[in-house]
Amino acid sequence: MKQKREKIQVLEQRALLLRKLWNYQGFEPIPLKKLLFEMGVVALFRPMSAKFSGMAIRIQNDSEVFRFMMVNSDMPVGRQNFTICHELYHLYVQEHFDTRVCKVGSFDKKDPEEYNADIFAAHFLLPAEALKTRIPLQELEHRNVSLATILRIENLFECSREFLLIRLQELGFMHEEEKEQFQKSVKATAHRYGYSPYLYTKSAAESVVGDYASLANDLFDNELISESHYYSVMEDLGFNLSDIDLQGDEAE
């Protein structure tokens with residue numbers, strides 16, 4: 001038990017240190033897609049099987065590190081954001097990592113690195129300080145967090161209701177019975193309080209953060225992916241494969 005607590009504390013510190021390194025304090029929300037763009041992480045959001053939340057790839061050569069993630073857009077936006085943070089663990093924290101397909105948010109202790117990624121994501125997306133500074137003092141004192149507070153926090157940090165309730169329970173601000181009650185009719189209660197359905201809805205359509213095509217070309221030019229893999233990436237982006245010539249233009 002002591003070893004487990006120490007491991008969680010280490011992951012919490014790694015999450016907070018990365019926040020600080022990337023110029024975000026422990027109490028403020030992070031615009032995740034903006035962060036990915038700034039860090040040069042290419043992210044592809046596209047519908048995937050319900051069995052998978054996302055995947056990450058890290059490829060390193062002598063001078064550069066290429067980081068890529070894919071996020072299942074057939075999940076609500078709040079859950080997609082947790083997936084982004086989970087994949088950041090694989091890309092920036094995990095040692096000896098190259099690629100991984102992930103089922104995020106299960107906190108499965110049977111898979112140590114997936115468990116670590118979930119714990120890291122929890123502290124990176126919603127640190128304890130962020131919660132404590134946004135729960136009214138009276139609610140903190142009575143350990144009785146209101147629905148209005150829950151809605152405000154989850155929309156500010158763009159996290160799922162499920163994840164927020166887990167964090168509140170972990171920090172001793174909520175009992176299991178309350179957690180079960182707040183998990184009901186999530187979208188309906190948000191609508192009743194005047195919040196947009198954006199956070200609770202699947203984005204579905206494909207989108208890209210970063211220069212995906214440029215990354216594919218860099219990886220191919222550095223012989224880090226095969227020609228067939230390169231064509232597969234470009235096809236994913238909707239390029240007409242007959243228009244792509246890897247051998248260079250013919251002389252006119």
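How much space lies in the largest cavity?

1. About 80 Å³ lies there. The model is predicted, with local features requiring pLDDT of at least 70 and side-chain atom pairs counting only at pLDDT 80 or more, while totals for chains, interfaces and linings use all residues. Residues are numbered from 1 along each chain as its sequence is written, and side-chain values use heavy atoms, without hydrogens and water.

2. The count comes to one cavity of 30 Å³ or more. A cavity is a set of points on a 1 Å grid over the protein atoms alone where a 1.4 Å probe fits but cannot get out, and lining residues have an atom within 4 Å of a point. The lining of the largest cavity consists of R79, F82, G105, F107, S160, E162, F163 and I166. Elements giving two or more residues to this lining are α3 and α8, and α8 provides the largest share, three residues.

3. By class, the lining of the largest cavity has four nonpolar, two polar and two charged residues. Here Ala, Val, Leu, Ile, Met, Phe, Trp, Tyr, Cys and Pro count as nonpolar, Asp, Glu, Lys and Arg as charged, and the others, Gly among them, as polar.

4. The second largest pocket holds about 200 Å³ of space. A pocket is an open set of points with protein on both sides within 12 Å along at least five of seven lines. Among the residues lining the second largest pocket are R79, S160 and E162, together with P76, Q183 and Y200. α3 (77-92), α8 (161-170) and α10 (186-192) each give two or more residues to that lining, which divides into four nonpolar, three polar and four charged residues.

5. Helix α7 (residues 147-156) and α8 have axes that come within 10 Å and cross at roughly 115°, and the crossing is right-handed. In this contact (heavy atoms within 4.5 Å), L147, I150, L151, I153 and E154 of α7 meet R161, L164, L165 and L168 of α8. The contact of α7 with α8 has seven nonpolar, no polar and two charged residues.

6. The axes of helix α1 (residues 2-21) and helix α4 (residues 112-125) come within 8 Å and cross at roughly 50°. The residues in contact include I8, L11 and L18 in α1 and I119, F120 and F124 in α4.

Note on methods: Axes are lines fitted to C-alpha atoms, for helices over the stretch in contact, and angles run from 0 to 180 degrees between N-to-C directions. Helices (H or I, at least four residues) and strands (E, at least two) are DSSP runs, numbered from the N terminus. Grid points are joined across faces, edges and corners, and a volume is the space filled by probe spheres set on the points. A crossing is left-handed if the near helix is turned anticlockwise from the far one by less than a right angle, and right-handed if clockwise.
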